[in-house]
Amino acid sequence: MTGNHILASVFIHLFIAIFQLIAWRKTVTQRILSVGGALVGLIIAIVLFQQVYLHGTYTLNAANWAAPFGIVFVADLLSATMVLLTSIAGFSVSIFSSMGISRQRMLYGYFPIFHFLLMGLNGAFLTGDIFNLYVWFEVIIISSFVLMTLGGRKQQLEGAVKYMAMNILASMFFLTGIGILYGITGSLNMADLSTKIQEVENRSLVGITSVFFILGFGIKSAVFPLYFWLPSSYHTPPSAVAATFGGLLTKVGIYAMLRVNSLIFIPDDFTKKLLMTIAVLTILTGAFGALIKTSVRRLFSYLIVCHIGFMVGGIAMFTKAALIGTVFYLIHDIMVKTNMFLIAGLIRQLRGTMSMEKLGGLYREYPKISLLIAIVLFSLVGIPPLSGFWPKIYLFRDSFSQHQYVYIAALIIGSLATLYVIAKMWAEAFWKETPPGITVEDKFGPLPVYRKILLVLPIGILGSVSVYIGINAETIIQVADRIASELIDTSSYIQAVLKK
Amino acid sequence: MPILLLFSIFLLLRGHYYPGGGFVGGLVASIAFVLHSFTNGTDATMKLLGRKPLSLIPVGLGISAFSVILPLFFGLPPMTGLWVQEKFPLIGLIGSSLFFDIGVYLVVIGVVLTILFTISLTDD
């Protein structure tokens with residue numbers, strides 16, 4: 001089905017950014033535009049998701065060029081879900097940034113760049129063309145460089161250099177892969193590639209190309225041994241920025257892996273083993289890294305790495321049940337990880353520090369906020385019936401039937417480590433008394449009520465989405481089930497694009 | 001300077017079928033302003049422009065983005081080229097891609113001048 005409206009979620013952020021550029025240096029106007037525009041974007045995403053869920057895949061031929069020649073945008077259920085999640089996360093971060101970002105950063109164009117980033121993310125999820133995917137990746141990277149360096153503190157620049165170097169390397173691998181792929185098939189359209197790649201006789205070349213893609217996406221999604229840029233750069237920018245990065249950017253890599261591995265390089269035994277090894281090592285290194293960190297945000301960064309491993313493992317098994325687990329985990333993870341960094345930002349507002357040694361007494365002073373945070377932390381750990389619990393069941397069950405016992409062990413270690421660090425953080429930051437001799441710098445208390453609401457509301461929104469995912473898991477599993485079957489049997493996607 | 005500006009507009013209009021277009025045109029136009037600032041000083045050029053070059057960026061982006069979504073109102077996919085049927089004297093066919101190029105032209109001038117003026121103004 002063709003639908004010219006599916007790019008609306010891309011254009012809305014483009015226009016918000018343009019209007020914000022017109023309102024350069026008028027921070028209040030920019031804030032209103034940002035929150036209002038993100039709300040419109042969210043509504044558009046909900047409508048798109050509903051349409052795709054009811055009527056199936058929508059496609060759009062850019063500039064009216066027919067499918068294998070022009071650039072195609074495709075909204076299948078996976079894309080629509082990702083756009084929806086991006087919009088929810090974007091809306092929440094937008095509210096949080098209207099208070100959590102310093103005026104100085106806003107003056108230097110925080111909001112326009114933030115919306116360019118969201119535009120890039122939505123574009124990457126909607127495109128059906130592999131080179132166009134690369135272009136959207138570039139849009140994302142450029143915006144994220146600016147967001148990461150905005151403010152220009154020495155520490156930030158140090159993090160940004162690592163981040164930039166690794167991401168440029170990833171783009172090089174990705175681009176080389178695209179080049180070889182175009183050389184052997186003569187096409188860039190993913191649906192078209194999916195049929196043409198099977199006719200290529202030189203299978204070893206196809207295998208090598210797939211390794212290029214795994215490397216490129218692997219760096220972006222921070223898997224072992226290419227993850228080290230993430231913990232060393234994500235703790236430097238402001239929390240609202242880190243929330244967008246932690247929640248969404250690494251997941252673009254996972255999304256791209258899902259897309260490319262399902263359409264173009266169907267994993268063979270070698271790729272499966274490679275991905276599985278990567279997954280296990282990612283989980284273990286992420287978990288052990290998280291165990292020794294004392295700063296809340298560094299700890300969360302390592303947890304991102306650890307949980308990326310869960311998803312890569314699901315892709316490595318590439319059975320329907322495993323993919324259901326992966327997709328469900330992706331849905332859960334975007335909501336929770338975004339929220340975690342917002343919480344870290346809120347803790348900083350409450351206490352002026354993020355080091356666990358200096359934190360304490362939060363529960364006694366702010367019981368309601370602590371309760372809200374507790375719900376989010378529980379769903380991260382995966383206490384039933386909250387959202388982290390269900391996808392793990394699928395991953396566990398399927399790895400048993402696939403005899404992937406090492407992966408199961410890694411999953412258990414990863415989950416236990418998560419539980420341990422979250423319990424430690426809870427005990428240190430919330431239950432423990434404030435350590436003696438430390439002056440608490442509470443910026444939150446004296447704020448007017450509406451500002452407090454603006455800081456807590458986004459955490460509440462994301463938290464309630466997490467709770468909804470957990471309690472209404474049956475619906476989510478239905479969605480994930482349909483996505484997984486579309487990923488395994490891609491004929492409906494190919495038909496929708498090529499109109500055969 | 002007027003010659004350079006005329007040449008840049010020529011490049012902008014020529015861009016559909018021959019080498020040229022908004023990007024090159026924008027670069028040539030900004031060279032004109034840069035030369036002006038070399039001879040008369042940056043402040044004089046700022047006065048000539050009347051406003052900050054930074055404000056050209058959103059205007060140009062807006063024109064380009066508008067030309068991208070314009071076909072949506074005719075029920076066509078975005079980025080489709082729309083063309084007015086009759087030829088205009090001198091310019092030739094006018095289409096939505098011309099507006100895209102004009103947008104690029106303005107953005108390029110805005111970006112180049114912002115960068116160069118920032119550098120030259122801090123030197124004072």
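I began with helix H18 of chain A and asked what covers its buried residues. The cover includes helix H12 (269-292), helix H13 (296-317), helix H14 (320-351), helix H15 (362-365), helix H16 (367-381) and helix H17 (389-401) of chain A. Helices here are DSSP runs of H or I with at least four residues, strands are runs of E with at least two, and both are numbered from the N terminus.

A word on the source: this is a predicted model, where local features need pLDDT of at least 70 and side-chain atom pairs count only at pLDDT 80 or more, while totals for chains, interfaces and linings use all residues. Residues are numbered from 1 along each chain as its sequence is written, and chains are lettered from A in the order in which they are written.

Among the buried residues of H18(A) I noted A:Tyr407, A:Gly414, A:Met425 and A:Phe430; buried takes 20 or more other C-beta atoms within 10 Å of a residue's own, with C-beta atoms placed from the backbone.

Next I turned to chain B. I found 5 helices and 0 strands there, and 36% of its 124 residues count as buried. I see 14 residues of chain B in contact with 14 residues of chain A (C-beta atoms, placed from the backbone, within 7 Å).

Last, I checked H11(A), residues 239-263, against H14(A): their axes come within 7 Å and cross at roughly 160 degrees. Axes are lines fitted to C-alpha atoms, for helices over the stretch in contact, with angles from 0 to 180 degrees between N-to-C directions. The two helices are therefore roughly antiparallel, the word for angles over 145 degrees.

Methods
Buried ≥ 20, exposed ≤ 12 C-beta atoms within 10 Å, placed from the backbone. Contact = placed C-beta atoms within 7 Å. Parallel < 35°, antiparallel > 145°, perpendicular 65-115°, else oblique.
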